[in-house]
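Here is a briefing on one protein chain, written for a first look. Keep the sequence and the 3D view open as you read.

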Amino acid sequence: MHPATDSRPTLLLAMGPGIADRLLTGAHRDRLAALTRTDPHLVAHDLAAPGPRVAAALAEAELLLTCWGATPLTADVLDRAPRLKAVVHAAGSVKHHITDACWDRGLRVTSAAAANALPVAEYALAAILFAGKGVLRSAQRYARHRTDDSWLTESAPWGNYHRTIGIIGASRIGRRVIELLRPFDCEVLLYDPYVTTAPPGTELVGLDDLCARSTVISVHAPQLPSTYRMIGPAQLAAMPDGTTLINTARGSLVDETALLPHLVSGRLHAVLDVTDPELPSPDSPLWTLPNVLLTPHVAGSLGNELHRMTDEALAEITRYTIGEPFADEVHAADLTRSA
């Protein structure tokens, strides 16, 4: 029971259909109800044209808890939310729903990007280590020949000992990948134009140098106008034969038209969790090339990993309710250099 003079902030959940059921367990909903004045089962799917119940909740809301599929918070939407002070996003990027109107009105914004970075970094680490061991190639050859002959000869270029790995982008995910690589005996090169001091255990290099020296390259740069097709013909041509390119960032960062001939010839290999377009055309060679591992954007939080983002969002809401600053606040200037 809360006293009649209930000082808890009023909160409204706002996200796409079906997301809340995957994001929130019963315990999470109970925690939300204890921290805030909310109906933890009321989820606003459309704030631009809300029904009466959502409209009433939006008019009272001091906090929005958002996730994927949230309505863009335009000036018109914010006019319906005169008491709104903060948006807590239980996912990564806020670019899809936080507009200039939010900053103009002084809204505070936080995101669970740090929590979402962990599974992406774990996927990248697995892809890096598997690439170094030639797992995809060896598994296919093993299934094809069904013999253990010639492994010592065939595996001469494989192994992760002192392998040179290139990390493109010192984002949250890129830095986490670098941390995860520390226990392994490998050389790590980093390219990021905004970084002036290399993180421990890495060498800061130019993009072309990284491409020429690395035999496994993992892309973690944000999607910005300046990063569009940053891995283009010159960078691809510079990569040594047998290099594996891993992309868990955004498909637009890689010039796939330039990449395809290198993949079709077998000169390069790729692990692609993202492509451009997001779903390759039905006749794209990416579906069938033996040197390409194509996954459907699964590196980010899935299944029980969603609950890590929920936990982080609830921690931020707790900080808000007790007057502490957000641990992972997003500022307008951040969006010019982040995903």
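**Briefing: a strand, its sheet and the cores**

V271 touches Y123, A127, T244, L245, I246, N247 and L293, not counting residues up to four places away in sequence. Contact here means heavy atoms within 4.5 Å. The model is predicted, so local features need pLDDT of at least 70 and side-chain atom pairs count only at pLDDT 80 or more, while totals for chains, interfaces and linings use all residues. Residues are numbered from 1 along each chain as its sequence is written, and side-chain values use heavy atoms, with hydrogens and water left out.

**V271 and its strand**

- V271 sits in strand β11. Strands (E, at least two residues) and helices (H or I, at least four) are DSSP runs, numbered from the N terminus.
- V271 has a relative accessible area of 9%, so it is buried. Buried means under 20% relative accessible area, exposed means over 50%, and partly exposed lies in between (1.4 Å probe, protein chains only).
- β11 spans residues 269–272, and both of its faces are covered. H269 and V271 are buried on one side, A270 and L272 on the other.
- V271 and A131 are 140 residues apart in sequence. In space, their C-alpha atoms are 8.7 Å apart.

**The sheet**

- Which strands form the open sheet, and in what order? There are 7, in the order β8-β7-β6-β9-β10-β11-β12, and the pairing is parallel. Two strands pair if DSSP finds at least two bridges between them.
- β8 (202–204) and β12 (292–294) each have a single partner strand, so one side of each is left without a neighbour in the sheet.
- From one strand to the next, the twist averages 20°. Axes are lines fitted to C-alpha atoms, for helices over the stretch in contact, and angles run from 0 to 180 degrees between N-to-C directions.
- Strands of a sheet pair through backbone hydrogen bonds, either parallel or antiparallel.

**Strand by strand**

- β9 (residues 216–219) and β10 (residues 244–247) run parallel, joined by 4 bridges. V216 has T244 in β10 as its bridge partner.
- β10 and β11 are also parallel, over 4 bridges. Here L245 stands opposite A270 in β11.
- β11 and β12 run parallel too, with 3 bridges. A270 stands opposite V292 in β12.
- β10, helix α12 (residues 256–264) and β11 make a right-handed β-α-β unit. Right-handed means that, with the strands pointing away from the viewer, the path from the first strand over the helix to the second runs clockwise.

**The nonpolar cores**

- The largest nonpolar core has 27 residues. Such a core is a set of buried Ala, Val, Leu, Ile, Met, Phe, Trp, Tyr and Cys residues joined through side-chain atoms within 4.5 Å.
- I168, I231 and L245 have the most contacts inside this core.
- β7 (187–191), α10 (207–213), β9, α12 and β11 each give two or more residues to this core.
- A second, separate core has 26 residues, including L23, V43, C67 and L314.
- Beyond its neighbours within four places in sequence, I168 has contacts that include Y191, L207, I217 and I231.

**The cysteines**

- How many disulfides are there? The count is 0, where a disulfide is a pair of cysteine sulfur atoms within 2.5 Å.
- For C102, the nearest cysteine sulfur is that of C67, 16 Å away. C102 is buried because its relative accessibility is 0%.
- C211 has its closest cysteine sulfur in C186, 17 Å away, so a bond is out of reach. C211 is buried as well, at 0% relative accessibility.
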